[in-house]
Amino acid sequence: MKLVTQTDVISQRLGDEVAVRIICESGFDGIDYSMFDMKNDDCILNTAEYKNHLKKIADIADFYGLTFEQAHAPFPSAKDGNEKYNEVTFERLKRALEIAGILDTKICVVHPVEFKENCFEKNMELYHKLEPYAADYGVKIAVENMWGWNKETGKIVPNVCSVAEDFNRYVDALNPANFTACLDLGHCGLVGDNAGNMIRQMGSRLGCLHIHDNDHINDSHTLPYTSKMDWDDILHALGEIDYKGNFTYEADYFL
């Protein structure tokens, strides 16, 4: 088990190269490479220079003896009814899997999508289309539990894979050779469940984590033990299911 954190917020402020160096020098055991910026056309990962860029950050990590343990594809992975967006984004998801493979990252999170009709079937179609690329690049796609937003009430509401029964249905329908589950601990309480319950109900399906804290109202992505989540219960639950993955922080909004 390794202690890992994502590049996301540091990269936004200082760039990938500095972000990787900071993570390495801060004492982490591994890196979660965030590719959220790929939603922007001018992101270097969308250009012909992406392999040169990846070599630079890989060389930095190698110098410090760290590995890229996890990655996060751009999102939304698709938009309901927006075929132009979906066509462009699918190509970027393919590249994100390739990038994960180049960095020798074993898991890349690809968010499921809320579709108004035939949600499960359309997500399965998306994941099955991506599966051959994941297999070719030696990367497992991780499905993540999501939350939605009610514009009328201004509150977070359940969404695709928000509760264990729905999440398990998605994971069980996919090939375990190429897919796993990423449980975002902070998302659990936002939709009326709690992380300990989700962990116990998911059991061996759970391949990786996003770890952060919140007040069960806002998705604040802050440091564990600084808000209201029950970390004693979470850690006991991980022990009960004999969780063997990494501890991957997604808590850098506290910056």
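1. Strand S6 (residues 147-150) and strand S7 (residues 155-158) pair in the antiparallel sense over four bridges, where pairing requires that DSSP finds at least two bridges between two strands, and where strands (E, at least two residues) and helices (H or I, at least four) are DSSP runs numbered from the N terminus. Asn 150 stands opposite Lys 155 in S7. The two strands form a hairpin with four residues between them, and Gly 154 in the turn has a positive phi of about 65°.

2. A word on the basis of these values: this is a predicted model, in which local features need pLDDT of at least 70 and side-chain atom pairs count only at pLDDT 80 or more, whereas totals for chains, interfaces and linings use all residues. Residues are numbered from 1 along each chain as its sequence is written, and side-chain values use heavy atoms, with hydrogens and water left out.

3. The secondary structure of the chain comes to nine helices and ten strands. With 255 residues, a compact globule would have a radius of gyration near 18 Å, and the 17 Å of the chain agrees with that; the radius is taken over C-alpha atoms, and the globule rule is 2.2 Å times the number of residues to the power 0.38. Along the principal axes, the C-alpha atoms fill a box of roughly 45 × 40 × 35 Å. Of the 255 residues, 53% count as buried, that is, under 20% relative accessible area, with exposed meaning over 50% and partly exposed in between (1.4 Å probe, protein chains only). Among contacts, defined by heavy atoms within 4.5 Å, those between residues 24 or more positions apart account for 72% of the contacts with a separation of 6 or more.

4. Eight strands form an open sheet in the order S9-S8-S5-S4-S3-S2-S1-S10, with parallel pairing. Strand S9 (206-210) and strand S10 (247-249) stand at the edges with a single partner strand each, so one side of each is left without a neighbour in the sheet. On average, and with direction ignored, neighbouring strands of this sheet are turned by 30° against each other.

5. Within this sheet, strand S3 (residues 67-72) is joined to strand S4 (residues 107-109) by two bridges, the two running parallel, and His 72 stands opposite Val 109 in S4. S2 is joined to S3 by five bridges, again in parallel, with Ile 31 opposite Phe 68 in S3. S3 is mostly covered, since five of its six residues are buried.

6. Helix H2 (residues 16-25) touches strand S1 (3-6), strand S2 (30-34) and S3, and its direction makes about 155° with that of S2. H8 touches strand S8 (179-184) and S9, and its direction makes about 165° with that of S8. Such angles run from 0 to 180 degrees between N-to-C directions, the axes being lines fitted to C-alpha atoms, for helices over the stretch in contact.

7. The axes of helix H6 (residues 164-172) and helix H8 (residues 195-202) come within 10 Å and cross at roughly 35°. The crossing is right-handed, meaning that the near helix is turned clockwise from the far one by less than a right angle. Ala 164, Phe 167 and Asn 168 in H6 meet Met 198, Gln 201 and Met 202 in H8. By class, this contact has four nonpolar, two polar and no charged residues, where Ala, Val, Leu, Ile, Met, Phe, Trp, Tyr, Cys and Pro count as nonpolar, Asp, Glu, Lys and Arg as charged, and the others, Gly among them, as polar.

8. Met 198, found in helix H8, counts as buried at 0% relative accessibility. Leaving aside neighbours within four places in sequence, Met 198 is in contact with several residues, including Asn 145, Cys 161, Ala 164, Phe 167 and Leu 183. Met 198 and Leu 183 are 15 residues apart in sequence and 8.2 Å apart in space, C-alpha to C-alpha.

9. The peptide bond from Phe 75 to Pro 76 is cis, with omega near 5°, and Pro 76 lies in the loop between S3 and helix H4 (83-102). Asp 104, in the loop between H4 and S4, has a positive phi near 60° although it is not a glycine. Tyr 225, in the loop between S9 and helix H9 (231-240), likewise has a positive phi, near 70°, in a residue other than glycine; at 57% relative accessibility, Tyr 225 counts as exposed.
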